[in-house]
Amino acid sequence: MGTVSSGIGLISGLNIQQLVDSLIATRSRPVDLLKSRIQQGTAVRTAYLDLSARLLALKSTFSKLNSTDAFRAAEATSSNENTLTATAGTSATPGSYVFTVRSLAASQQLISSGFASRDASFLTPGRLTFERNDARLDRGTALGSLNGGAGVRTGKIRITDRAGGSAQIDLTTAQSVSDVLTAINGQSTAAVRATVEGDRIVLTDQTGAAAGSVVVEDLGGGSAALDLGIRGSSATGRLEGGDVVRLSATTQLTALRDGNGIRVHGVSDDFRVTLADGSAVDVNLSGKLRNDLSLAGLNGGGGVPAGKILAKNRAGQTAEIDLAGAQTVGDVVNAIQGAGLNLTVTIVGAKFVVTDGSTGDGTLSFAEVGNGTTATALGLTTAAIGNSLTGRDVYRVATIGDALREINLDSQNAGRLSAEISPDGDRIRLIDQTSGAGAISVSALSDSSAASDLGLLRDGSGGAIVSGRLNSGLNSVLLRSLNGGSGVGSGVIQITDRTGASANVDLTGAETLDDVIRGINSAGVGVVARVSASGLGIEVADTSGGTANLKIADVSGELARGLGITVDAAVGQVSKANLQRQYVSESTRLDSFRSSIAFSRGKFRITDSTGASAVVDLTQGDEKTIGAVIAEVNSRGIGVRASINANGDGLLLTDTAGGSALMTVSEEGGSTAKSLGILGSAATGTTTIDGSLERGIDVLATDTLDTLIDKIRGSGAAVNASLLNDGNSANPYRLSLASTQSGESGRLAIDVGATGLSLATLVEGRDAKVLFGPPDSTQPLVLTSATNTLADAIPGVSLNLLAASDQPVTVNVARSADTPAAALKAFVDGYNAIADRITELTKFNSETNQRGLLLGDATVERIQSRLASLVTKRATNGSAGFDRLSSVGVTVSSGGKLSFDEDRFRAQYDANPQAVETLFADATSGLAATFDAQFDQMTNDDTGILPRAEESLGKTLDLLSDRQAALEASLEKQRAQLMAKFQASEQVLAQLQSQQSALTGFKSVTAT
């Protein structure tokens, strides 16, 4: 039996495959139509996506004009780029500014005496130490701190000696008393020498003339000599200036005790003043609000005006609260809470916090009633967040005036105790206004150090207590700041020079190191006292020429011992290398703690000797001082206590847990512990980690210059050490030391100890000094910087200083149109590219009858219409002549495309930059905001014209694809059915053919 085994029927001879394909092809026309529609739709969809992408790019380009920064870019030009260059940022204010670069910043550089060899040992065993400039005992007093904080109006002065020699001295850029002394003593035409004695500058004639006067005058209408207390004349050959060191109400408490500030408890009362009648006044200097605090002490003594405030709760209820009779903070609290609005008032630090217990959709608020200012003075006009309103700070104790006001307005006082600055201007005075058998006294409370720091823990006299001195003299230091802040006591000392001449020096009233030095030098024996060359200690040198023992001993007290100058030996000099002036205290700000390393805010973990640990988190940013860090550490509840170290130059951690392990400090990401100098572990056998800023190395007898340099480099001191060869045939090798930080703050105080190393200063660390203002100004502003870059000398402008010059340099700052011009050009180019693309998609070729893909497409017509309308849109906020794109050079040209006249744009921008900025960048109605909204209407994923059309088309294409698949499946089924029928037919024919063959055979047999 035959079968179908190919596309050709073996029996019928028909091409079955061809027949079936033809039949199916006839039935496939609907599928072909679907394919064509899908292909067309896919092309349209791709075109939509392309247009959408182009519009989004165009939107992004134009959005650059939606920022005021785009229009406030500025360009700064310098009239002399050899002296300084300038760079302007977006916040720069256009204008012309004049600067005169008087000096550049420099790093301190020192050089040693020469050595014959670099690899031989020449030094004596000893310790070489490096301290910050803050440790110096003769650090120059800032002019700004003189005259009760009023400072000194600098300028030019003239000094004339007794012989008529005259010198004009420019003090315009002087910043410290040391600068003044250097300027006066550095001139050579007037034979006078300037020194400081206590609180005064003294000029001494050096001519030897027996007649004539020393005269000091201000020049050019200036007041420098007047403010320095030296304007005038003296016929004695000695012009003693006026007292220029005194306290004032504005003196910061942090400036007292040589900048170490006042340590207050922070919460509880600090000290008690007991009066003659037996009553007492407890004083709290925390700067925190208290219920009994007088309203008169708020706002720096400005108080709170009597009046009414209007309160409104979230339920919409209002109440006028009458505070006319309020006298204390507690009165305010009670009045607000009693207003019937369900409000609760708490005190947080120096501010009021009000919590609203009502319910509703309103906003908790306080407002003034009428023209009053009571709510503002209470700090309650801030915005509420949720049901809570946190007011602003309305109280502080930051100055001498604040502290005195706190005492005088204390709720326990009632006029019985008055506090004031003493007549000499160096102390404060408490005056007992009561009468009785007792005596005024002060005692500390709550373990507070405030009374001690204010020098009030002393006996009263005449119904008053006068504190110890709170400010040091010129270029000096308080004795109480020495030995890490533990101080040096006063007393009587006996000095015997090497000829045997002897004198008792009464220094019981000495409060500053200058008091001691002047007292010794006026004793009438052959010795001279001075601050040591390192600036860290004191030395007393014998000048008598004798050969006996130099003797210095305490007669009463321990002053000589405390200063380290007791001696009884055949030596020409006695000295104390380092008196350890305290310069780190609880008041030290973290941002200035390590002058050469920026403080890093982060977290660190402390583990005590028992294994207990805690993380100290300084990332909040409200810890501003070393005292805040100490409080954070001590609040962690483990066996570690933080404090200022014994030398007053760093943070000290002490393990009190009594365990067997070593206390450790590790970083929790960042470098905060390193910034504080406490990273690592306590040394074996110790229970402390000392973050001292002092760095030192032990010099051995075997050390060479090379090994010494290695030790210095590894010490962590802020100094670079290197070796120089000056070519000298005898001793060519020198140790060179350079501070790693430029400016005056980068100066180092180096104590060579007993090493025998001799150092000379090559370059003194100095700040850059620039005069701001016309060169003929009598009071130009002096700008200083530790580097040769002045950031924001004028807002938004950075100056790079290249050379000192007496010639002024003009810096012109002008707004730059480059950024908006570039953005507009890019917008025009992008717009025209879209216009070209739409033209291509919607064209019709009449010769070939070819239609563009989107010809007649409603969606693209809407886009085209929107774009055309957009570029001619008027800005409702625009001013006359600046209300549309054409105002600034963007116009519609032929074919609906845009053209950009950049010259016109720049001219308009130069003429009125604010109007151009407003045209584009106004937040509500500027063109950038308007365009952004219009582009959103065209391209937004959810609501945009193109995305919705693309989405709708996509759904249609999905339906067509599904229909195509169904039809194709049906056709395949039909194909299979047809093939099956043809195969069956072939089988029938095969059977018939077989039967026919059988019959034919049968017929043949029959015939035979």
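This is a predicted model: local features need pLDDT of at least 70, side-chain atom pairs count only at pLDDT 80 or more; totals for chains, interfaces and linings use all residues.
1. Ground rules. Local features need pLDDT of at least 70 and side-chain atom pairs pLDDT 80 or more, while totals for chains, interfaces and linings use all residues. Numbering starts from 1 along each chain as its sequence is written, and side-chain values use heavy atoms, leaving out hydrogens and water.

2. The sheet. Look for an open, antiparallel sheet of three strands, ordered β39-β5-β42 (strands are DSSP E runs of at least two residues, helices H or I runs of at least four, numbered from the N terminus; strands pair if DSSP finds at least two bridges between them). β39 (695–699) and β42 (748–751) each have a single partner strand, so one side of each lacks a neighbour in the sheet.

3. One pairing up close. β5 (residues 126–132) runs antiparallel to β39 over five bridges, and G126 has V699 of β39 as its bridge partner.

4. The cores. The largest nonpolar core has 61 residues, with F62, F827, L885, F905 and F920 having the most contacts inside it (a core is a set of buried Ala, Val, Leu, Ile, Met, Phe, Trp, Tyr and Cys residues joined through side-chain atoms within 4.5 Å). A second, separate core of 58 residues includes F271, L364, L380 and L430.

5. An aspartate to check. D883 sits in the loop between α17 (858–870) and β51 (890–892). D883 counts as buried because its relative accessibility is 16% (buried is under 20% relative accessible area, exposed over 50%, partly exposed in between, with a 1.4 Å probe and protein chains only).
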